[in-house]
There are 2 protein chains.
Amino acid sequence: MVKDKNTEQRIYEAARKVFLKKGMAGARMQEIADEAGINKALLHYYFRNKEKLFDGIFNEVIERISTGIQSIFELETNVLEKLKEFVNIYVDVLFENRYLPLFVLNEMNQHPDRFSILLKENIVVHMKKFLVQIQEEIEKGTIRAENPVHLLLSVLGLIIFPFAVYPLFKKMLGEELMENTDILLIERKKEICLFIENALKP
Amino acid sequence: MVKDKNTEQRIYEAARKVFLKKGMAGARMQEIADEAGINKALLHYYFRNKEKLFDGIFNEVIERISTGIQSIFELETNVLEKLKEFVNIYVDVLFENRYLPLFVLNEMNQHPDRFSILLKENIVVHMKKFLVQIQEEIEKGTIRAENPVHLLLSVLGLIIFPFAVYPLFKKMLGEELMENTDILLIERKKEICLFIENALKP
DNA sequence: GTCTATAAGTAGATAGAC
DNA sequence: GTCTATCTACTTATAGAC
């Protein structure tokens with residue numbers, strides 16, 4: 001076990017890895033300790049208990065996602081451009097953090113209010129502004145759509161779902177068809193953009 | 001507690017409810033017993049242990065999904081019609097079983113091989129045939145797409161994602177914008193169909 | 001078949017030596 | 001700061017009465 005990083009950080013990274021993979025309920029303090037190459041007791045020395053450790057990880061994850069979204073919505077472009085930027089950035093993010101979508105969706109379902117405040121403050125303002133912008137463009141006729149909420153749900157689904165499902169998908173189709181899953185996931189950037197463009201073309 | 005159904009079935013239904021909501025790791029035998037209105041010991045009398053009980057539920061869920069998919073792919077129609085039929089049936093299924101998508105995606109990630117066989121035999125044959133059909137229509141030019149796998153991922157994402165995310169979405173946008181979440185979810189049937197039609201129009 | 005009581009096993013948390 | 005050993009609490013599983 002390499003000792004170059006300080007212990008606290010090693011624990012934190014180990015916890016991140018284990019929590020993202022197993023979730024709060026499935027994660028074991030012992031596994032985190034092993035992963036960090038230290039003793040279980042040290043976990044409690046640095047982070048008082050499992051919940052505090054989890055909260056740290058979870059808040060950091062949400063924070064990271066939020067700021068990414070924020071920066072996109074601050075762009076001064078039209079809806080289609082914003083969506084395409086969104087797609088490009090988030091496919092890359094998820095590519096490097098494949099457990100992220102399921103982890104967030106799950107923990108949110110298990111503890112519905114742990115982070116409702118967190119989310120409200122960070123994302124929702126931008127989200128709502130963007131929904132207004134979509135509505136405006138629909139009325140102007142520059143994009144063909146009916147309900148901004150549906151559009152947002154659709155784009156998020158196109159981006160996120162493949163990452164949540166890809167291990168299953170890989171198993172279903174067999175290695176032959178999916179030998180290049182990674183390439184497929186990256187390809188989705190242009191695939192989704194094209195799909196959206198066609199769907200929204202007036 | 002109503003005793004009209006036999007105990008085994010009551011346990012089974014309680015277990016289904018709890019497992020789907022909490023997952024294998026998060027579910028508690030006590031909670032299942034309470035939900036079924038019986039004693040914990042009876043769970044072990046009817047189903048030897050937690051794992052066997054879970055397996056029963058899980059296999060049944062997968063089975064149900066599989067047969068649904070199967071019947072759609074057996075239709076003798078073109079790709080667009082099949083996809084639309086798929087959308088209509090599955091939105092209704094998920095509407096009545098909202099925990100299903102996350103449950104399946106999760107448990108599959110936790111026990112990657114428990115059901116690889118299950119899936120292979122039921123769905124994969126039809127899936128592959130359908131991918132071939134898509135490829136043929138792409139080549140004939142009746143639909144505009146590039147990669148059948150991407151198309152399938154996209155449609156599944158459009159259908160499934162909103163159900164996986166809807167509690168979070170509801171929280172983010174606040175009750176005002178989402179007072180009719182249920183209507184929104186059902187609306188997705190025509191929304192997705194329209195979205196696909198436009199995206200695939202040659 | 002169904003219950004109460006309890007055993008056995010597991011996981012989180014703490015005490016105390018170094 | 002880090003470890004070993006241990007405690008406590010929780011969860012699954014079983015024994016045995018009815």
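Good morning. The model is predicted, so local features need pLDDT of at least 70 and side-chain atom pairs count only at pLDDT 80 or more, while totals for chains, interfaces and linings use all residues. Residues are numbered from 1 along each chain as its sequence is written, chains are lettered from A and ligands numbered from 1 in the order in which they are written, and side-chain values use heavy atoms, with hydrogens and water left out.

I begin with DNA strand C. A residue counts as near a strand if one of its heavy atoms lies within 4 Å of it. There are 15 residues around DNA strand C, and Met29(A), Lys50(A), Thr7(B), Asn39(B) and Tyr46(B) come nearest. By class, this surface holds eight nonpolar, four polar and three charged residues. Here Ala, Val, Leu, Ile, Met, Phe, Trp, Tyr, Cys and Pro count as nonpolar, Asp, Glu, Lys and Arg as charged, and the others, Gly among them, as polar.

Which part of DNA strand C lies within 4 Å of the protein: sugar or phosphate, or bases? Of those atoms, 64% belong to sugar or phosphate and the rest to bases.

Next, the polar contacts, that is, pairs of N or O atoms within 3.5 Å. Lys40(A) instead places a polar side-chain atom 3.2 Å from a base nitrogen.

Helices are DSSP runs of H or I with at least four residues, numbered from the N terminus. The largest share of the surface near DNA strand C, four residues, comes from H3(B).

I turn to DNA strand D. It is surrounded by 15 residues, the closest being Thr7(A), Asn39(A), Tyr46(A), Lys40(B) and Lys50(B). Sugar and phosphate make up 63% of its atoms within 4 Å of the protein.

The side chain of Tyr46(A) has an N or O atom 2.7 Å from a phosphate oxygen of DNA strand D. Chain B contributes through its backbone: a polar backbone atom of Met29(B) lies 3.1 Å from a phosphate oxygen, and one of Ala27(B) lies 3.3 Å from a phosphate oxygen.

Finally, helix H9 of chain A, residues 181-200. At 1.5 Å a residue, its 20 residues should span 28 Å, and its end C-alpha atoms are 28 Å apart, which agrees; the expected span is 1.5 Å times one less than the number of residues. H9(A) bends by about 40° at Arg188(A), the bend being the angle between axes fitted to the seven residues ending there and the seven starting there.

How values were computed: Helices (H or I, at least four residues) and strands (E, at least two) are DSSP runs, numbered from the N terminus. A polar contact is a pair of N or O atoms within 3.5 Å; within protein, one must be able to donate a hydrogen and the other to accept it, and residues adjacent in sequence count only if both atoms are side-chain atoms.
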